[in-house]
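Dear colleague,

Please find below the structure I am handing over to you. My notes on it follow directly after.

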Amino acid sequence: MHFGYQKGSFLFRYKKKEIQISSLEVLCVLAGALLFLLLEVQSRSDPLKAGYVSRSAYGQGEEKLDLVVEGLGGQDKELVLDLTIGERRYTKEQAEAAAQELESRLEAMILGEEPSLSQVRTKLMLVTRDSQTGFRIRWSSDQDDLIGTDGVVHGETAKEEGQTVTLRAEICDGKETLRTVDIPVRVFPPERTSQERQQEGLTQMILSQEEQTRTEAGFYLPTEYKGEALSYRSRDNGERYWLLLVGPVLAVLMRARGVSAARQLEKDRERKLLLDHAEMVSKLQIFLGAGMTVRTAWERIVLDYQELKAKGKGERPVYEEMLMTYHQMRSGTAEGKAYEGFGRRCKLQPYLKLAGLLEQDRKTGTKNLRYLLQLEMADAFEQRKNLARRQGEEAATKLLIPLFLMLGVVMVIVVVPAFMTFY
C-alpha cells in the first residue's frame with residue numbers, strides 16, 4: 001500500500017488500484033471525528049451517571065433538566081422525564097446571617113469611585129443583585145432629583161455646602177424582604193475649575209439676555225465679562241478639510257482599478273490564446289494537408305474568421321493577431337517578418353514556437369512541416385486539457401471559502417452547547 005499527496009488530494013494505491021481523496025473530504029472526516037470526541041468526553045463526564053443532580057446557586061433561578069431513565073420496572077425501554085430543578089435556598093438562620101453580612105459591606109459596595117458617602121459628586125454603584133449571597137436589592141431615594149435609583153448623581157442643583165439624601169436598600173431573597181437599610185449620603189455639586197466656572201457664568205449671562213429679548217428679532221452678545229473684553233466667531237468643525245483627501249484617494253483608487261483591470265484583461269487574453277492554440281494549429285495542419293501553402297492556409301483561416309465575425313460571433317485574440325499578420329503581408333511586409341511579429345505579439349511560448357516553425361519552413365523548405373504541426377497540435381491539446389483542469393481547481397478552491405464558513409457555523413452550533421454544559 002502506497003500513500004502520496006498531489007495537487008490538493010491524497011492518493012492511496014493498493015493492489016494496482018488508485019483511490020483519490022480530496023483535502024476537503026479529509027477535513028470533513030477529521031471535523032466529524034473531533035466533534036464525536038468532544039461529545040464523548042462530555043457524555044463520560046456527565047455527573048448524572050453517578051445519580052447526583054447539581055442545582056443552581058443562590059439567586060441563579062431554576063433550571064430545566066431532561067432526564068433519561070433506564071431500567072424502570074425491569075423494562076429495556078428508556079423513559080424521558082422533563083424536570084424543573086429549583087435553585088438552592090437558605091435556611092432561615094442562614095438567610096438572616098447572609099443578610100447581616102451583606103448589610104455590613106453594603107456601603108463599601110456602592111461607593112464606586114467616590115471617596116466616601118459623606119462627599120458624593122458623580123455616581124454610586126447601586127447594584128441590584130449581590131453575587132456572593134444571591135440576594136436582590138431594591139433601591140429608593142427620598143430625593144430623586146439629586147440621586148436616582150440608577151445611582152447617577154445630579155449634583156448641579158445641590159447646594160455648595162452639600163445636601164443629605166437618604167437611600168433605602170431592601171434586601172430580598174426572592175420571596176420576602178429580609179432587611180431594610182437606610183444609608184445617608186451627602187451630595188455636593190461637581191468640582192469645577194476656574195475656567196469651567198467662568199464658562200458657566202458667561203453661559204448664564206447669555207441665556208439671560210436671550211430670555212429677555214424673546215420678543216425681538218435677535219440680541220447682542222455681551223462684549224465683556226468681569227472686566228475682560230470678549231469677541232466671538234462661529235465654531236469651525238473642520239468638516240470641509242476632509243475634502244482635500246477625496247481627490248488624491250479617488251486618483252489612487254482609479255489608478256489601482258485601471259492597473260487591476262489591465263492585468264485582468266491581459267490574463268483573459270492569455271487564457272483565450274492558450275484555449276484557441278490547438279484549434280488554430282489544427283486548422284493550419286488540415287489546410288496544409290489539402291495542398292495549400294502556408295500563406296494560402298493562413299489567408300483561408302483569416303477569411304473564415306471574418307465571415308464568422310460578421311455573423312455576430314465574438315472576437316478571438318489569436319485570429320485578430322492572424323488578421324493583423326495577413327494585412328501586413330498584403331501591404332508588403334516580408335512573410336518571415338510577419339510571422340515573427342505574430343509570435344512576439346502573442347507573447348506565449350507555443351506561438352513563438354509556431355512562428356519559428358513557419359519561418360524555418362519558409363527559409364529551408366522543411367518537408368516534414370505537417371508532421372511537426374501534428375506534434376505541436378498534440379502538445380496544444382494537452383496544454384488545453386491542463387488549462388481546463390487548472391481552471392476547475394481554481395473554481396473548486398474559490399468554493400472552499402463558503403464551505404469552510406458553513407463548517408465553522410455547524411461546529412459552533414454543536415460545540416458551544418457542549419462547552420456550556422461544563423459551566
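A residue is called buried here when its relative accessible area is under 20%. Y351, in this predicted model, has a relative accessible area of 0% and is therefore buried. F342 is likewise buried, because its relative accessible area is 1%.

These two residues also interact through their rings. The ring centres of F342 and Y351 lie 5.8 Å apart with the planes at 80 degrees, so this pair is edge-to-face. The structure holds four aromatic pairs. Another of them joins W298 and F342, again edge-to-face, with 5.1 Å from centre to centre and 85 degrees between the planes. This pair links distant parts of the chain: W298 belongs to helix α6 (residues 294-310) and F342 to helix α8 (residues 335-346), 44 residues apart. W298 is buried, as is F342. Together with Y339 and Y351, they form one aromatic cluster.

L250 counts as partly exposed because its relative accessibility is 47%.

As for the chain as a whole, its secondary structure comprises 10 helices and 10 strands. Buried residues account for 26% of its 423 residues. The chain exposes about 30000 Å², of which carbon and sulfur atoms supply 55%. Among contacts with a separation of 6 or more, 53% are between residues 24 or more positions apart.

With kind regards

How values were computed:
Residues numbered from 1 in each chain as written. Predicted model: local features only at pLDDT ≥ 70, side-chain atom pairs only at ≥ 80, totals over all residues. Heavy atoms only, no water. Buried < 20%, exposed > 50% of the residue type's maximum accessible area, 1.4 Å probe, protein only. Helix = DSSP H or I, 4+ residues; strand = E, 2+ residues; numbered from the N terminus. Contact = heavy atoms within 4.5 Å. Areas by Shrake-Rupley, 256 points an atom, 1.4 Å probe, with all protein chains shown as cover. Phe/Tyr/Trp six-rings, centres within 6.5 Å; stacked < 30°, edge-to-face > 60°.
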